[in-house]
Amino acid sequence: MSESTSTTQTTPSTPTCPRDEVVELCRDLIRIDSSNYGDQSGPGEAEAAAYVVDRLREVGLEPQTFESEPGRVSVAVRIPGEDRDRGALCVHGHLDVVPAQASDWEVDPFGAELRDGCIWGRGAVDMKGMDAMILAVVRHMARTGEKPPRDLVIVFFADEEAGGVYGSQFMVKNHPEVFEGVTEAISEVGGYSVTVPNAEGGSTRAYLLQTAEKGIAWLRLRAKGRAGHGSVPNSENAIGYLAGALERIATHEWPREFIASTRTLLDGLSEITGTTYTDDDLDELLGHIGGAEGFVRATLQDTANPTMLNAGYKHNVIPQEATAAIDCRFLPGHEDDLYATLKDLVGGNVEIEVVHQDIALDAPFESPLVEAMKEALLEEDPEATILPYCLSGGTDNKALSLLGITGYGFAPLQLPADLDFAPMFHGINERVPTASLEFGATVLHRFIQLSARP
């Protein structure tokens, strides 16, 4: 564990509800550069963790900090509930962000500028906006003496953007006591709205709750051949072996499978819009959900995408070895099939090495916790529809699942119909409407109040 240091506060001194301070909390967090380059070269999360600790201590809470490596800091605090015999709820976020190239942006990516009703900056969407919502709710509860209905475990992890090795995985392996009694969890990439045309000629807001996640397999392909002079024919060229393997992977048509969350989503969208679909033709239906279409298409089958290449050191030398990086994502239950297919595709002259692997998740849409999410949303947006979906990426819920914790994505945001939100995850000019954060803080607070009902 490590001690925190003081960080300047700009939040209002007398907020009366979570929505009053969520915007400034978010702006403060964005101004702290916690870029994660995946190689330990970034600034780490220590400064952001110190800010969180200070904001929690300010309202009388006593968080713990956990430092897996220098600068890689996670924060946790447990708030005792009214019924301590019920399973605890973990509400978690991550403090790191993916890097931002300032020259690509219209604004300083760490300036937290207010423009057009939005906070602009790296992490506004992924996921300092949700971190701010969590902080705002917890601070309000502590200030007012409100006890959650069951134990509430609040965690801000390090290193989510590089697989959680120095964050959630470290915590689960080395500090499982933090999660003692926790049975359910919520975090990012779910609960946001998309506006779709309805069959009556109007429009309907549909909130997408994340109930499943694809598994991750980051692989390295290694082809070995015979080194030689670039002018001499070579039937054992490592680059040739690797190029053939990559071409077969890139053009492979992975079979579709509609897991329960995806089928329920598609059927729900079809009912709202009046648009029929077949398993082979989803174009018109998915065209209704804007930028979220890419997220959904990525969950219709397993995927394997070449992302990096490395071979050779001189123009006239045939190298002995060539490597490539492959980003694979597999549906629940598909891990073995994915590896078997890739083994067939690469052939006998290319080896497959696992760089990083993590499990797929699939939680039920029909559950008391989901009902609490629905009720909290509908109290603020009564005419909305709520649907499940599967995430093509991953969250820290993967690590928590190793402790038997069922995780969902629920960062509630009511979004303008014309905001192309989903592509902002890891994108340039990332931003979130201030009104959406205020809505989210209100819904998150209500959800926590409802979350213990049987």
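So, when I talk about helix axes today, I mean lines fitted to the C-alpha atoms over the stretch in contact, with angles taken between N-to-C directions. Keep in mind that this is a predicted model.

With that in hand, let's go to the helix pair I like here. The axes of α5 and α9 come within 8 Å and cross at roughly 135 degrees. Angles over 145 would count as roughly antiparallel and 65 to 115 as roughly perpendicular, so this pair ends up as oblique. The crossing of α5 and α9 is right-handed. Who makes the contact? On the α5 side we have A245, R248 and I249, and on the α9 side L342, L345 and V346. By class, that contact has 5 nonpolar residues, 1 charged and no polar ones.

Okay, what do these helices sit on? There's an open sheet of 4 strands, ordered β12-β14-β10-β15, with antiparallel pairing. The edges are β12, residues 303–311, and β15, residues 350–358; each has a single partner strand, so one side of each has no neighbour in the sheet. From one strand to the next, the twist averages 20 degrees.

If you want a pair to click on, A304 has C328 in β14 as its bridge partner.

Now back to the helices. α5, residues 238–251, packs on the sheet and touches β10, β12, β14 and β15, with its direction at about 15 degrees to that of β14. α9, residues 335–346, also packs on the sheet and touches β10, β12, β14 and β15; its direction makes about 155 degrees with that of β15.

Have a look at P149, in the loop between α3 and β6.

Last stop, charges. Side chains of opposite charge can pair when their charged atoms come close. We have 27 salt bridges in the structure. One of them is E438 with R19, where the closest N and O atoms are 3.6 Å apart. This pair ties together distant parts of the chain: E438 is in helix α12, residues 434–450, while R19 is in the segment before α1, 419 residues apart.

That's my tour; happy to take questions.

How values were computed: Residues are numbered from 1 along each chain as its sequence is written. This is a predicted model: local features need pLDDT of at least 70, side-chain atom pairs count only at pLDDT 80 or more; totals for chains, interfaces and linings use all residues. Side-chain values use heavy atoms; hydrogens and water are left out. Two strands pair if DSSP finds at least two bridges between them. Helices (H or I, at least four residues) and strands (E, at least two) are DSSP runs, numbered from the N terminus. Axes are lines fitted to C-alpha atoms, for helices over the stretch in contact, and angles run from 0 to 180 degrees between N-to-C directions. Contact means heavy atoms within 4.5 Å. Angles under 35 degrees count as roughly parallel, over 145 as roughly antiparallel, 65 to 115 as roughly perpendicular and the rest as oblique. A crossing is left-handed if the near helix is turned anticlockwise from the far one by less than a right angle, and right-handed if clockwise. Ala, Val, Leu, Ile, Met, Phe, Trp, Tyr, Cys and Pro count as nonpolar, Asp, Glu, Lys and Arg as charged, and the others, Gly among them, as polar. A salt bridge is a side-chain nitrogen of Lys or Arg within 4 Å of a carboxyl oxygen of Asp or Glu.
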